[in-house]
Amino acid sequence: MTVKEILHQEVSALETDLRELSDYIFANPELGHQEFKSSKAHIALLEKHGFTVEAPYAGFDTAFRATFDSGQPGPTIAYLSEYDALPSIGHGCGHNMLGTVDTGAGIALSKVINQTGGRVVVLGTPAEETTGTKVDMTNIGVFDDVDVAMCTHPSDENTMSGTSMAIHPIAFEFFGKPAHAAEAPEEGINALDAMLNLFNNINSLRQEMRSSARVHGIITHGGDAANVIPEYTRAEFYVRALDTPYMEVLSEKIINCAKAAALASGCTMKHTNFENIYKDMITNETLSAVYNENAGDLGIEMVPEKLGENGSIDMGDVSHVVPSIHSYYSITDGKRVIGHTPEFRDCTQTPFAYDMMMRVVETLARTGVDVISKPELLTDIRTEFANQKV
């Protein structure tokens, strides 16, 4: 039997374990950095299959690093698991199945790695929906010993790994002076006026923004009483662009909008990052082509991404330090179902989704086998990655 034939048998043998893991996390949704049950469930399964696990990891209580080393020379393949849920909705982004697939791929590859050499790493990466711990992991060098990194995400289409939008989450605070709004308004400095100026300034800037860019925000504190000149206001904005350099240029323009708003109203202004900044996703097309071919062999027809419909993912930062892919797989059986909804959440409980889960586990594991067993492929992956950084 070939390695991939053995791998197919190993994946089939994992189905019960993986369905139980996905269902358990579905039934126990936890928000980012609170995923204690979810991370423990992943860890327990990985340890059951012989992985050495470090947890907590990278300074996060619900992160982990699970390693299976063949003890033989070869590259390191990393699969990245997510398992955080959304407020109220639960697993409306399907992370119960996302993490299960990537953990399952790591376990499946570990079953044949003694024949191929190399090492398998499964990283538990909390809070993708909010702070994005992959950014922090990237910054502290977690991927320095990794040769390729892969992550897959449930969707309503089988979409090839493509791009994502760089994002800068900026909070603006304006500080004024309170006064009685009827008796002595001239004694006040209106922080709400500054905030409204900021929104108007940004709207005036939109004509000069690239059409692919996005700026959207909310006021989180607009004042305390209608008869008091507001002394303090706060807003949160996301500044997004298809590439990191333009995101940085646009962020500076948005900050200048806030400075002008403060100057016009007489307020002082403070801006901070309320979440991690994400870089754009740069797909390693060589690695992606291998994944797409393996998917096709297993009956998954991959389609290109639709430009203009991509959001922001913390996998983007990973792709800037190690060759990476972040593909999508359908769990909706041909139906258009929007993510972050109860309808999408419930799709993870269907026979179609379970079938796709196992196919994608095998696709990821087969791709890992190809990278480990074909030195020329890894050379091409590395060459493309080196050229993208020039």
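## Basis of the values

The model is predicted, so local features need pLDDT of at least 70 and side-chain atom pairs count only at pLDDT 80 or more, while totals for chains, interfaces and linings use all residues. Residues are numbered from 1 along each chain as its sequence is written, and side-chain values use heavy atoms, with hydrogens and water left out.

Six strands make up an open sheet with mixed pairing, in the order 1-2-4-3-5-10. Helices (H or I, at least four residues) and strands (E, at least two) are DSSP runs, numbered from the N terminus; two strands pair if DSSP finds at least two bridges between them. Strand 1 and strand 10 (324-330) are at the edges with a single partner strand each, so one side of each has no neighbour in the sheet. On average, neighbouring strands of this sheet are turned by 20 degrees against each other, direction ignored. Axes here are lines fitted to C-alpha atoms, for helices over the stretch in contact, and angles run from 0 to 180 degrees between N-to-C directions.

Strand 3 and strand 5 (residues 148-155) run parallel and are joined by three bridges. A78 has A149 in strand 5 as its bridge partner. Helix 4 packs on the sheet and touches strand 2, strand 3, strand 4 (119-124), strand 5 and strand 10; contact means heavy atoms within 4.5 Å. The direction of helix 4 makes about 160 degrees with that of strand 3.

A four-stranded open sheet has the order 7-8-6-9 and antiparallel pairing. Its edge strands are strand 7 (214-221) and strand 9 (268-273), each of which pairs on one side only. The twist from one strand to the next averages 20 degrees. Strand 6 (residues 166-175) and strand 8 (residues 232-241) run antiparallel, with 10 bridges between them. I170 is placed opposite F237 in strand 8.

Two helices lie across this sheet. Helix 8 (residues 244-265) lies across strand 6, strand 7, strand 8 and strand 9, at about 10 degrees to strand 6.

## Aromatic contacts

The structure holds six aromatic pairs. Rings of Phe, Tyr and Trp (its six-membered ring) pair if their centres lie within 6.5 Å; planes under 30 degrees apart count as stacked, over 60 as edge-to-face and the rest as tilted. F51 and F68 are a tilted pair, 5.5 Å centre to centre with 55 degrees between the planes. F51 is in the loop between helix 3 (36-48) and strand 1 (52-54) and F68 is in strand 2 (residues 64-69), so the pair ties together parts 17 residues apart in sequence. F51 is buried at 5% relative accessible area, and F68 is buried at 17%. Buried means under 20% relative accessible area, exposed over 50%, and partly exposed in between (1.4 Å probe, protein chains only).

F64 and Y83 are stacked, because their ring centres are 6.0 Å apart and their planes are at 10 degrees. F64 belongs to strand 2 and Y83 to the loop between strand 3 (76-81) and helix 4 (95-110), 19 residues apart. F64 is buried, at 0%, and Y83 is also buried, at 0%. F172, F199 and F237 form one aromatic cluster.

Arginines also sit over ring faces: R19 lies over Y354 at 3.8 Å from the ring centre, and R210 over Y246 at 3.9 Å. The criterion is NZ of Lys or CZ of Arg within 6 Å of the ring centre and within 35 degrees of the ring normal.

## Cysteines

The structure holds zero disulfides, a disulfide being a pair of cysteine sulfur atoms within 2.5 Å. For C267, the closest cysteine sulfur is that of C257 at 16 Å, too far for a bond; C267 is buried, at 8%. For C347, the closest is that of C93 at 13 Å, too far for a bond; C347 is buried, at 11%.

## Backbone details

The peptide bond from A55 to P56 is cis, with omega near -5 degrees, and P56 lies in the loop between strand 1 and strand 2.

S88 is in the loop between strand 3 and helix 4 and is exposed, at 84%. A127 is in the loop between strand 4 and helix 6 (133-139) and is buried, at 0%.
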